[in-house]
Each structure stands twice: as C-alpha cells, then as structure tokens.
Amino acid sequence: MKLLENISLKPYNTFGIDASAKQFVSINSENELKEVLTYHKETPKFILGGGSNMLLTQDVDKLVIHVNIKGITTLESNNEYALIKVNAGENWHEFVIWCINHNLGGVENLSLIPGNVGTSPVQNIGAYGVELKDVFYSCEALEISTGKKRVFTKEDCEFGYRESVFKKQEKGKFIITNVTFKLTNTNHILHTAYGAIQQQLATNGVTSPTIKDISDAVITIRESKLPNPKEIGNSGSFFKNPVVDKNRFTAFQKEYPNAPFYKVSENEYKIPAGWLIEQSGFKGKRFGDAGVHKNQALVLVNYGNATGSEILELAKNIIKTVTEKFNIPIEAEVNIV
C-alpha cells in the first residue's frame, strides 16, 4: 500500500477521462482500508471502485481510495441455495461467469455489466428484468468517519430503481467491502421475457435454456448494442429509464401509440430513455469527441479526447430536448463528479 500524488485517473474510469487525483492509494484488504481511514481521518476522501458509473468533470482534489479487495467465499450451500460472499474489488462480469461455472443461478441476466461488485448495491444495478436486489442478501461496509464495520441487510439498503440508501441518506458515509448474494443451486428461475432474450435464444437454437444460455444471449445482445469501454470510452447506460404515472403515460401513448413501454405497477409505466433520445435525433450524433453511440442512444461515448465537461454538456442538451419534446424528464444514471 503506497500513497501516490498527482496520479492520472484515466486508467481508472471507463469513460477514459484524463483527470488527476491529488492523492491516490490502492487498497487490497479490509485492514489496509482501516489503516488509511485511521491515518487520514481528517483528509477529504473519494471512493473509487471499477470507475464504470461516473463521469469525471474535474480533477479530484481529495485522497482517492481505490478499493481493490479480491476474493470469493461460499458461506453456506444446500440443495436449494448458496450464500456467496464476494469482496468489493472483484469485477462484476467475472463474478457472473464464476457463478455460471458453478451452476449458481440469479445473476445471469446481469452479464457484461461494467464495474466491480462493491459498487453494485449503490445503484441497484439491473438489466433484462433482473435487479441486484433480487439476489442481494447483505453487505458489509466501513463507516468512513469512524472505521467501524456495519452490516446492511436488504431492508437496510432501501433498494429502488437504480437507487439505494447509499445514494440517499448514507451517501458518502460508507465504503462497501463485500457483498453476500443468495443464489439458487437448483430450480433456477429463468427470466426470458424482457428485451430480446427470447429472440436471441431462438437464434441460438435453444429451446430449453440453462443459466449459461441466458448469459450467452445477454452477452450477444449487449455486445451488439454497447461499445466495449476498452475500445471506446463510455459508462454503459448514461440515463435512467423514466417511470411515469398512469395519467402521464396515457397522454404519452395517445400521442405516440407505437412507443415501447413496460408496465411496472397498476399506476407506473417505464418508458425506454433510449427510444426517447433516438426520437429526439441524437442517436449516432457526434459533437467533437463527445457523442451518442450509433447502436444505443442510452450510451454517451468519448471518441478520444473529450473532457468530462463536454460530455456533461451533451447530456444536459439531451435532457433538455427530451423533456421539451415529450414532457417526460430523464436523468443521468451515472454519478457526475
């Protein structure tokens, strides 16, 4: 564990933004994290995981703590389910593949989501009809101000659509060190109704899908739509899909009868933000090195040397245009720093 100064964060964020950190330390164990919190108690801190859910618009004039704690442990396993404890620094997709290789069900629809396990509860990551809360059991976190450990249950986390207690009242107060998942050992519940999964399974010639078949289908779909951050800077889906009440949805559907939607509850409907952005004329558009991806309008990209501020200005322009055109506000899913 070594404290570094004036370090470029370009390798540590998937947008590839060349911002710098005043101080930087990479943490490989919970004890190292406790030590840093103890010796730098009064120093302002910035917590960094996989760097996949943030847009850096400026240099970070704080101590950047890169949480890189690795390890996967089986806590309990029986004929029905397994409790798997995963340390925060594990790559999310690599964990999903580990589960599939061990025939553990529940996360296959979340294949190829960028980022690390430690940040997955913060925004309750989700895709193709499944959210993290569906498999979440608990997580451990250290309180930044005291270094004390706290266990958060599912109820404690107050999960919502891309929301959790870590984005609300506990924002900036804790560092998640590990997450425990409750996964199925047998009788896997397969989710194939959302998006193009059934169509992709048919294309793959699959009639009785396994969790690996679901994962393979999701990977194929995502790779066809989403750019690889190693090839072109991006943070995956930049915007949340807006959820509107029945009255607003009825008015919207009357004007746009062919628009896609998903019914969330008796009074709530989710409208794909990508469709709204595409209909607003932004899909595939480029503004200098900042742009909207040609295959998926939800994704903002850095074609090379865009600054975080330039990407943020594009995002603001999209939000303003969509809101004015459809009377449906959309908001960023990523954290703006």
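Trainee: Which residues does F239 touch, not counting residues up to four places away in sequence?
Mentor: Keep in mind that this is a predicted model. F239 lies in the loop between β13 and β14, and at a relative accessible area of 1% that residue is buried. Not counting residues up to four places away in sequence, F239 touches A273, I277, L298, L300, A315, I318, I319, I330, E331, A332 and E333.

Trainee: And how far apart in space are F239 and F46, C-alpha to C-alpha?
Mentor: Along the sequence, 193 residues separate F239 and F46. In space, C-alpha to C-alpha, the figure for the pair is 23 Å.

Trainee: Let's get to the annotation. What is the largest C-alpha distance among the residues UniProt gives as "active site"?
Mentor: The unreviewed UniProt entry puts that feature at R162, S237 and E333. They are spread over 172 residues of sequence, yet they cluster in space. The largest C-alpha distance is 11.5 Å.

Trainee: Is S237 buried, partly exposed or exposed?
Mentor: S237 sits in the loop between β13 (233-234) and β14 (243-245). Its relative accessible area is 26%. Buried would need a value under 20% and exposed one over 50%, so S237 comes out as partly exposed.

Trainee: Which residues is S237 in contact with, leaving aside its neighbours within four places in sequence?
Mentor: One of them is E333, which also carries the "active site" annotation in the UniProt entry.

Trainee: What about E333: buried or exposed?
Mentor: You'll find E333 in the loop between α8 (308-326) and β20 (335-336). Its relative accessibility is 9%, and the cut-off for buried is under 20%. E333 therefore counts as buried.

Trainee: With which side chain does the side chain of E333 make a polar contact?
Mentor: Start from the residues in contact with E333, leaving aside neighbours within four places in sequence: N53, Q123, R162, K167, S237, F238, F239 and K240. R162 and S237 are among them, and UniProt lists both under "active site". The polar contact, at 3.1 Å, is with the side chain of Q123.

Trainee: What is phi of R162 near?
Mentor: R162 is in the loop between α3 (154-157) and β12 (174-184), and it is buried at a relative accessible area of 9%. Most residues other than glycine have a negative phi. R162 has a positive one, near 55°.

Trainee: N187 has a positive phi too, near 50°. Is N187 buried or exposed?
Mentor: N187 is in the loop between β12 and α4 (197-203). Its relative accessibility is 70%, and anything over 50% is taken as exposed. So N187 counts as exposed.

Trainee: Moving to the helices, are α2 and α5 roughly parallel or roughly antiparallel to each other?
Mentor: Helix α2 (residues 92-101) and helix α5 (residues 211-225) have their axes 10 Å apart, at an angle of about 150°. Angles over 145 degrees count as roughly antiparallel. The two helices, α2 and α5, are therefore roughly antiparallel.

Trainee: Which residues make the contact between α2 and α5?
Mentor: α2 passes α5 in a left-handed crossing. From α2 the contact uses H93, I97 and I100, and from α5 it uses I211, K212, S215 and I219.

Trainee: How far is the backbone oxygen of H191 from a polar atom of the side chain of N109?
Mentor: N109 is in the loop between α2 and β8 (126-127), and it is buried, with a relative accessible area of 1%. Not counting residues up to four places away in sequence, N109 touches A127, Y128, V130, H191, I197, I214 and V218. The H191 backbone oxygen lies from that side-chain atom of N109 at 2.9 Å.

Trainee: Which residue's backbone oxygen does the side chain of H293 reach?
Mentor: H293 lies in the loop between β18 (290-292) and β19 (300-302) and counts as buried at 9% relative accessibility. Leaving aside neighbours within four places in sequence, H293 is in contact with K225, P227, K283, G284, V299 and V301. At 3.4 Å, the backbone oxygen reached by the H293 side chain belongs to K225.

Terms used. Residues numbered from 1 in each chain as written. Predicted model: local features only at pLDDT ≥ 70, side-chain atom pairs only at ≥ 80, totals over all residues. Heavy atoms only, no water. UniProt positions renumbered as here; feature names shortened; annotations may be inferred. Helix = DSSP H or I, 4+ residues; strand = E, 2+ residues; numbered from the N terminus. Buried < 20%, exposed > 50% of the residue type's maximum accessible area, 1.4 Å probe, protein only. Contact = heavy atoms within 4.5 Å. Polar contact = N/O pair within 3.5 Å; in protein donor to acceptor, adjacent residues only side chain to side chain. Axes fitted to C-alpha atoms, helices over the stretch in contact; angles between N-to-C directions. Parallel < 35°, antiparallel > 145°, perpendicular 65-115°, else oblique. Left-handed = near helix turned anticlockwise from the far one by under 90°.
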